[in-house]
Amino acid sequence: MKIAERYARATLSSNLRCDDKHSDTDTLMAIALCGVDMGPLVLRVKMANDVGSLHELKRAWLAVVAKKAFAQSWPDHISVKKAVATSIEYWLNDICPACTGKKSDQIDNTPCLTGVDCPACNGTGKRAVPCDQDHAPYVRDLAYTLDGIALSATNGASTKLRHECAIAA
């Protein structure tokens with residue numbers, strides 16, 4: 001099971017005992033201490049479906065994106081607030097609805113794929129960015145950045161867990 005899935009399960013755990021038979025606490029602590037700014041928050045929203053943290057993520061993400069927009073001299077017609085809201089919405093639900101992320105059409109009445117790229121997503125498995133063409137490159141970049149934050153957080157947590165297991169052994 002991947003660390004992100006373990007984290008999602010751990011956030012719903014009713015047993016956070018810390019002993020040989022229970023490891024949910026270890027996962028929660030590793031994510032919390034992963035060393036990635038916004039990492040735990042990003043994972044809480046995406047993997048644990050924590051709607052209560054969504055507002056906090058939007059606020060924190062707005063601050064990050066505003067700095068990024070200034071540093072990269074975004075054009076005036078690109079709304080930072082719109083890019084933030086759209087990037088989070090897209091990032092949370094980026095799977096192509098036609099192929100459900102499989103990147104190919106399914107043969108009718110079978111579990112098999114045709115091998116032909118899905119015409120809706122052109123074989124990417126991702127849906128189109130839900131905004132005008134001016135904002136789309138910025139939103140896509142922000143969504144990739146959110147993915148990167150989540151990946152860095154899970155990698156950092158995995159490293160911490162491996163290190164702790166090595167010390168315990």
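Predicted model: local features only at pLDDT ≥ 70, side-chain atom pairs only at ≥ 80, totals over all residues.

Me: Which residues make up β1 and β2, and in what sense do they pair?
Reply: β1 covers residues 104-106 and β2 covers residues 113-117. They pair in the antiparallel sense, over two bridges.

Me: OK, zooming out. What's the secondary structure of the protein overall?
Reply: Six helices and two strands. Along the sequence, the pattern reads α-α-α-α-α-β-β-α.

Me: New topic. Where is S87?
Reply: S87 lies in helix α5, which spans residues 80-92.

Me: Is S87 buried or exposed?
Reply: Buried. Its relative accessible area is 0%, and buried means under 20%, so S87 qualifies.

Me: Which residues does S87 touch, leaving out those up to four places away in sequence?
Reply: W61, V139, L142, A143 and L146.

Me: And what share of the protein's residues count as buried?
Reply: 34% of the 169 residues.

Me: What about the accessible surface of the protein?
Reply: That comes to about 10300 Å². Carbon and sulfur atoms hold 55% of that surface.

Me: Last one. Among contacts with a separation of 6 or more, what share comes from residues 24 or more positions apart?
Reply: 58% of those contacts in the protein.

Key:
Residues numbered from 1 in each chain as written. Heavy atoms only, no water. Pairing = 2+ DSSP bridges. Helix = DSSP H or I, 4+ residues; strand = E, 2+ residues; numbered from the N terminus. Buried < 20%, exposed > 50% of the residue type's maximum accessible area, 1.4 Å probe, protein only. Contact = heavy atoms within 4.5 Å. Areas by Shrake-Rupley, 256 points an atom, 1.4 Å probe, with all protein chains shown as cover.
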